[in-house]
Amino acid sequence: MNDADKVIIVEGRTDKVQIQKVIDEQIEIICTNGTLGVERLEELLIEYDLDNKDVFILVDEDNAGHKLRKQLSVELPHAEHIYVDKTFREVAATPEAELAAALLSRSIAVNPIYL
């Protein structure tokens, strides 16, 4: 684990890879690999000290993503939500420029080549 003050929670590894291409600051990106069980969510809260970090939730615009966003909202009420356009449905399928704009809207530094 690193000591980044910001954490982005995503569903899968391809989402993480897409975000890593665009961001330009030290941010921990956590993959949930789908819906979380209570025990795994508790592990993440402790392991990444999520109660004391700036947490961002960026999940797909589909049923599984909506379910995960709702679950995370309950456990992490201080988390900020980042949304991708419903047209793209998946974070991994969102063009870099669109993703960069969404991240920048939450004051996350992005590589200017994507703007």
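Reader: Which elements do the buried residues of H4 pack against?

Author: This is a predicted model. Helix H4 covers residues 96–104. The buried residues of H4 pack against two partners, strand E1 and helix H1 (13–22).

Reader: Which residues of H4 are buried?

Author: The residues in question cover an arc of only 165° around the axis, and this puts them on the same side of H4. In H4, the buried residues are Leu99, Ala100, Ala102 and Leu103.

Reader: What pattern does the chain follow along the sequence?

Author: The chain has 4 helices and 4 strands. Read along the sequence, they give the pattern β-α-β-α-β-α-β-α.

Reader: What radius of gyration does the chain have?

Author: The C-alpha atoms fill a box of roughly 40 × 30 × 20 Å along the principal axes. For 115 residues, a compact globule would have a radius of gyration near 13 Å. The chain agrees with that, because its own value is 13 Å.

Reader: What share of the contacts between residues at least 6 apart in sequence joins residues at least 24 apart?

Author: Of the 115 residues, 46% count as buried. The accessible surface comes to about 6200 Å², with 47% of it belonging to carbon and sulfur atoms. Among contacts between residues at least 6 apart, the share joining residues at least 24 apart is 60%.

Reader: How far apart are the end C-alpha atoms of helix H3?

Author: Helix H3 runs over residues 63–75, which is 13 residues. At 1.5 Å a residue, H3 should span 18 Å. The model agrees, with its end C-alpha atoms apart by 19 Å.

Reader: Which residues of H3 are exposed?

Author: Start with the buried side. Gly65, Leu68, Arg69, Gln71 and Leu72 are buried in H3. They cover an arc of only 165° around the axis, so they sit on the same side of H3. On the other side, the exposed residues are Asn63, Lys67, Lys70 and Val74.

Reader: Why do residues three or four places apart point the same way in an α-helix?

Author: The repeat of the helix sets the direction. Residues three or four places apart point the same way because an α-helix has, per turn, 3.6 residues.

Reader: Which elements do the buried residues of H3 pack against?

Author: Gln71 is among the buried residues of H3. As a group, the buried residues of H3 pack against strand E1 (6–10), helix H2 (38–47), strand E3 (54–57) and strand E4 (80–81).

Reader: Which residue has the backbone oxygen that the side chain of Gln71 reaches?

Author: Gln71 is found in helix H3. Not counting residues up to four places away in sequence, Gln71 touches Thr35, Leu36 and Leu41. At 2.5 Å, its side chain reaches the backbone oxygen of Leu36.

Reader: Is Cys31 buried or exposed?

Author: Cys31 lies in strand E2 (residues 28–31). Leaving aside neighbours within four places, Cys31 is in contact with Val10, Glu11, Gly12, Arg13 and Lys16. Its relative accessibility is 18%, and the cut-off for burial is under 20%. Cys31 therefore counts as buried.

Reader: What distance separates the C-alpha atoms of Cys31 and Asp15?

Author: Cys31 and Asp15 are 16 residues apart along the chain. Their C-alpha atoms are separated by 8.2 Å.

Reader: What is the phi of Asp49?

Author: Most residues other than glycine have a negative phi. Asp49 sits in the loop between H2 and E3. At 34% relative accessibility, Asp49 counts as partly exposed. Asp49 is not a glycine, yet its phi is positive, at about 50°.

Reader: What is the phi of Arg89?

Author: Arg89 is found in the loop between E4 and helix H4. Its relative accessible area is 45%, so Arg89 is partly exposed. Arg89 is a residue other than glycine with a positive phi, near 65°.

Technical notes: Residues numbered from 1 in each chain as written. Predicted model: local features only at pLDDT ≥ 70, side-chain atom pairs only at ≥ 80, totals over all residues. Heavy atoms only, no water. Helix = DSSP H or I, 4+ residues; strand = E, 2+ residues; numbered from the N terminus. Buried < 20%, exposed > 50% of the residue type's maximum accessible area, 1.4 Å probe, protein only. Contact = heavy atoms within 4.5 Å. Expected span 1.5 Å × (residues − 1). Arc of directions from axis to C-beta. Rg over C-alpha atoms; globule rule 2.2 N^0.38 Å. Areas by Shrake-Rupley, 256 points an atom, 1.4 Å probe, with all protein chains shown as cover. Polar contact = N/O pair within 3.5 Å; in protein donor to acceptor, adjacent residues only side chain to side chain.
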